[in-house]
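Q: Could you zoom in on one part of this model and take me through what surrounds it? I'd like the cut-offs spelled out as you go.

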Amino acid sequence: MTPSEIKSMTLKQLRATLLEMTSPAWDVALTGKTEEEITEAARTLLAVQRARLRLENEKLAGIRDSLRTLEGDFVAGKNTIDQALSNLQETKVVLGAVKNFLTTLGKVIAIVV
Amino acid sequence: MKRHHLSLVLHVMLLLGLLFLGGCTAPRLQHFDSFSQAGIAYTEATEQVLNQALDSSMDTDTLLLVEQRSSLPVSERGQTIIDHNDSFKKRIVIFRDLHLHAKLLRSYFQLLKTLATSDAPSGIGTAAGKVVTTLVGLGDEIQTDVSLEDIVGTGTELIVAQFQNAALETELEARATTIERELALQEEVMREVGEGLRTDLLVALNRRESNEVVMPYGSENALPADWGETRKAFLQATLDSSTLDAATSAARELRLAFVALVEGRFEVADLAALNQDLARIVTLLEALNPQETEGEDDDTQ
């Protein structure tokens with residue numbers, strides 16, 4: 001099992017434990033318990049919540065870091081598209097292609113006709 | 001007569017050629033447009049999900065801290081709140097980074113859409129049409145029902161469409177690996193965020209059921225006058241867990257649509273499932289924030 005899989009399983013277990021410890025059944029089970037037991041239950045519940053938050057943060061930070069490695073490529077892509085759009089807007093560039101098209105067309109027509 | 005016949009045949013051949021060229025290019029541009037639009041819609045939904053997830057996690061954490069406070073020894077309370085705050089300071093930075101990334105991705109999709117739907121061809125086509133006579137000088141010589149200028153005007157637009165298409169194809173080729181990796185990571189983000197959100201919402205529901213329904217019933221005190229209505233309302237308010245999978249599903253649908261686009265087998269209908277997922281996300285967010293939704297409705301009236 002990889003470290004990532006172990007973390008995922010741990011996180012899944014922590015979430016399930018948190019749901020169990022916040023359930024109405026848990027509250028009913030704590031009814032009539034000693035103050036020490038209730039304090040210990042509160043400590044444990046908040047410790048589970050903190051562990052869950054840390055693991056979630058860790059997982060999301062890992063994905064965030066992976067996403068960041070792609071950002072340079074997206075910026076490059078944006079620049080490329082920007083350039084293509086500029087070219088498209090520059091009528092001269094496109095008309096150059098059109099002129100070639102028309103010239104060829106004219107020659108073909110002249111020859112055939 | 002022969003000359004007229006030849007020119008007519010030539011015009012028809014040219015038209016057919018151009019129509020074929022256009023027939024190949026136009027759908028492809030529409031596919032780029034549809035995919036870009038889906039990408040924009042996805043990133044917008046993503047940002048809303050991120051906002052909701054962060055809000056819900058803070059609300060649930062606050063709820064737990066408040067409820068457990070009286071059970072914690074005074075000496076432990078300070079360190080407890082500091083530890084929880086530290087986790088949220090880190091979380092807020094991570095979510096801010098994810099937001100910034102989503103904005104970058106959205107602006108990329110917006111540029112792709114701009115390129116796919118640029119209206120430059122129409123203006124250029126008109127300008128090019130005027131060049132026909134001076135370049136070729138055949139306008140007066142060829143008399144047919146279809147003018148050469150019409151053909152060239154259409155041809156110019158198709159050339160520009162080809163130009164757009166080529167730029168998009170080049171970008172697609174250059175960025176294919178990055179985009180696919182991005183969308184796979186988006187799927188992971190949405191899965192993790194969705195699971196966290198599911199837990200927070202279920203914890204909140206647990207606490208409501210316990211505090212408003214179960215514990216009052218088990219106490220020695222008289223039941224609140226509205227206890228029956230509260231219980232009924234709680235039992236009827238179920239959390240549709242499948243809705244929380246919509247964000248992950250939307251990311252997957254977008255990735256599959258992208259793969260289809262790369263492989264040239266994309267159909268606009270491929271986005272139907274994605275659109276359904278996005279609609280489910282909107283429904284969920286509206287259900288979670290009824291007051292905000294009502295307020296927005298009021299503003300429009």
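**One residue and its surroundings**

A: Let's start with Ile179(B), which sits in helix 4 of chain B. Helices here are DSSP runs of H or I with at least four residues, strands are runs of E with at least two, and both are numbered from the N terminus. A caution before going on: this is a predicted model, where local features need pLDDT of at least 70 and side-chain atom pairs need 80 or more, while totals for chains, interfaces and linings use all residues; side-chain values use heavy atoms, with hydrogens and water left out. As for labels, residues are numbered from 1 along each chain as its sequence is written, and chains are lettered from A and ligands numbered from 1 in the order in which they are written.

Ile179(B) has a relative accessibility of 3%, so it counts as buried (under 20% relative accessible area; exposed is over 50%, partly exposed in between, with a 1.4 Å probe and protein chains only). Leave out the neighbours within four places in sequence, and Ile179(B) is in contact with Phe74(A), Tyr108(B) and Phe258(B), contact being heavy atoms within 4.5 Å. Ala272(B) is 93 residues away along the chain from Ile179(B), and their C-alpha atoms are 20 Å apart.

Helix 4 also carries charged links to the other chain. Arg175(B) makes a salt bridge with Asp73(A), with 3.0 Å between the closest N and O atoms; the term calls for a side-chain nitrogen of Lys or Arg within 4 Å of a carboxyl oxygen of Asp or Glu. That pair crosses between chains, running from helix 4 of chain B to helix 3 of chain A. Arg175(B) is buried at 6% relative accessible area, whereas Asp73(A) is partly exposed at 27%.

Further along, Glu192(B) and Lys59(A) meet in a salt bridge too, at 3.0 Å from N to O. This one also goes between chains, from helix 4 (residues 148–218) of chain B to helix 3 (residues 35–89) of chain A. Here both Glu192(B) and Lys59(A) are buried. There's a salt-bridge network as well, linking Arg15(A), Arg52(A), Glu56(A), Arg91(B) and Asp200(B). Over all chains, the search turns up 28 salt bridges.

Asp33(B) is in helix 1 (residues 2–69) and Lys113(B) in helix 2 (residues 74–117), so the pair ties together parts 80 residues apart in sequence. Lys113(B) is partly exposed, at 22% relative accessible area.

Helix 7 is mostly covered, with 14 of its 17 residues buried. After helix 7 comes Gly264(B), whose phi is positive, near 70°.

Zooming out, chain B has 9 helices and 0 strands. Of its 301 residues, 47% count as buried. Among contacts in chain B with a separation of 6 or more, 85% come from residues 24 or more positions apart.
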